[in-house]
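Dear colleague,

Here is the structure I said I would pass on. My notes on what turned up in it follow below.

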Amino acid sequence: MAMDAIEILRDICEPMALPLAGLNDLELTGQDPVLPSSFRIGLVAQAAISASALAAAEVWQQRSGQRQGIKVDMRHAATEFRSERYIKIDGGPPPALWDKIAGTYQTGDGRRVRLHTNFPHHRDGILDLLGAAYEREAVGAALGQWSGQNFEDAVAERGLVATMMRTPAEWAAHPQARALDQQPLIGVERIGDAPPRPLNAAARPLAGVRVLDLTRIIAGPVCGRTLAAHGADVMRVTAPHLPSVAALVTDTGRGKLSTYIDLRAEDGRESLRKLIAGADIFVQGYRPGGIDRWGFSPEQVAAIRPGIIYVSLSAYGHVGPWSPRRGFDSLIQTASGINHAEAEACGREGPKALPCQALDHASGYFMAAAAMAALARRAEQGGSWHIRISLARTGRWIQSLGQIENGFDIADPTEADVREFMEGSPSGFGQLTAVRHAARLDATPTYWARPSVPLGTHPPVWPD
């Protein structure tokens, strides 16, 4: 299995121009299945987290002249792919992750659809479209009057979020899947000129590197959390009017500063421009072109800060008929045939979700890996760089790794099973128990120097 992972990592590292010599420093342990799934979720987790560790080690080698050993255990990596499930505050359970009407339903033509209603405006929009009360039974009854395809289309027209379940073959034939297959897993493009910017010697790979994190939910925040684990100053940027999920804010906020900036106001936009002027990495999770209206497209940000590494996350990629659509991991699992294949493999009717938000987490580590690889490239070649990652393209990659026969022979890990991967720390919410980072670097151990704090805790200025 380790050789398998090395081959996969070679394919991941090459488009990022990450030197393959680092693969010799890597020690991988474990074998699938580590979570109950027909997909190779342990391998996915191990490869994605390893890619980010390899990139951090490359930056460290540039700064110090030293190589270092890296260890990534598959069970630990898969546990970190479910980190939001395991957090505890003062020993109590984490806040609920899902809204009460989120999930799957059958439509009148026998198709299945999945609703994502964690954000109040998405929930209210769905209820308005269906003319239903805020109860599962009422929603189910209303969906019985729709065909799956008509409902999915109506949802998209209103800018809401829900998808119809497809088989893998149906998705492979879909125009959006065909568009995704023409895109790289990790897109890297030079978008401007800037002089090389080598990093000085420092105690940690990303010491002194400043990151702006304009993302929500899981994938983008995991990117920022990973960069913080290697020593970056990461500032989470959101606004009071933007919805969030409490458990995710706590889990992915480790290591970060957190500030409020309202981009609808000119003084907010000016605050962000000032932060960009001192930043190295800019990470955003708006739909393709969505942040451009505020003046923060890749080219606009590169004009403010030549040499910026600009990371864009989207649901469905930047080309194809679905590229403007909003989306979440669970919805893409449903639309893309992953839920259908998983259900078929375990012999059950209706959709079966993966045992973790694997598209989200893998995308987050790919974003972090590509950002650090670009940092190393910038040190030697200069330039401003644009990185593109999409959840749906990551899903195509997970599907491309194939399925395993005995995936459901393993029980879902209990809290006791993962206790060895947990750590405690103070936070702005209380004493936090959470999954520690799975990549173990010999010379520069990963840790979060800042506690997780409530959104908007800090002023919109870089610390000295």
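The second largest cavity in this predicted model has a volume of about 50 Å³. Its lining consists of Arg236, Val249, Gly253, Lys256, Leu257, Ser258, Val453 and Leu455. Strand β10 (residues 256-260) supplies the largest share of that lining, three residues. Sorted by class, the lining has four nonpolar, two polar and two charged residues.

The count of cavities of 30 Å³ or more comes to three. The largest cavity holds about 100 Å³ of space. Among the residues lining the largest cavity are Leu18, Asp25, Leu54, Glu58, Arg67 and Ile70. Helix α2 gives the most to this lining, with four residues. Five nonpolar, three polar and three charged residues make up the lining of the largest cavity.

Helix α2 (residues 41-64) also lies across β1, β2 and β16, and runs at about 165° to β2. These three strands form an open sheet in the order β1-β2-β16, with mixed pairing. Its edge strands are β1 (26-29) and β16 (439-441), each of which pairs on one side only. On average, neighbouring strands of the sheet are turned by 20° against each other, direction ignored. Strand β2 (residues 70-73) and β16 run antiparallel and are joined by three bridges; lysine 71 stands opposite arginine 440 in β16.

Histidine 116 counts as buried because its relative accessible area is 4%, and buried means under 20%. Leaving out residues up to four places away in sequence, histidine 116 touches Trp98, His122, Val161, Phe328, Ser330 and Leu331.

Regards

Technical notes:
Residues are numbered from 1 along each chain as its sequence is written. This is a predicted model: local features need pLDDT of at least 70, side-chain atom pairs count only at pLDDT 80 or more; totals for chains, interfaces and linings use all residues. Side-chain values use heavy atoms; hydrogens and water are left out. Two strands pair if DSSP finds at least two bridges between them. Helices (H or I, at least four residues) and strands (E, at least two) are DSSP runs, numbered from the N terminus. Axes are lines fitted to C-alpha atoms, for helices over the stretch in contact, and angles run from 0 to 180 degrees between N-to-C directions. Contact means heavy atoms within 4.5 Å. Buried means under 20% relative accessible area, exposed over 50%, partly exposed in between (1.4 Å probe, protein chains only). On a 1 Å grid over the protein atoms alone, a cavity is a set of points where a 1.4 Å probe fits but cannot get out, and a pocket is an open set with protein on both sides within 12 Å along at least five of seven lines; lining residues have an atom within 4 Å of a point. Grid points are joined across faces, edges and corners, and a volume is the space filled by probe spheres set on the points. Ala, Val, Leu, Ile, Met, Phe, Trp, Tyr, Cys and Pro count as nonpolar, Asp, Glu, Lys and Arg as charged, and the others, Gly among them, as polar.
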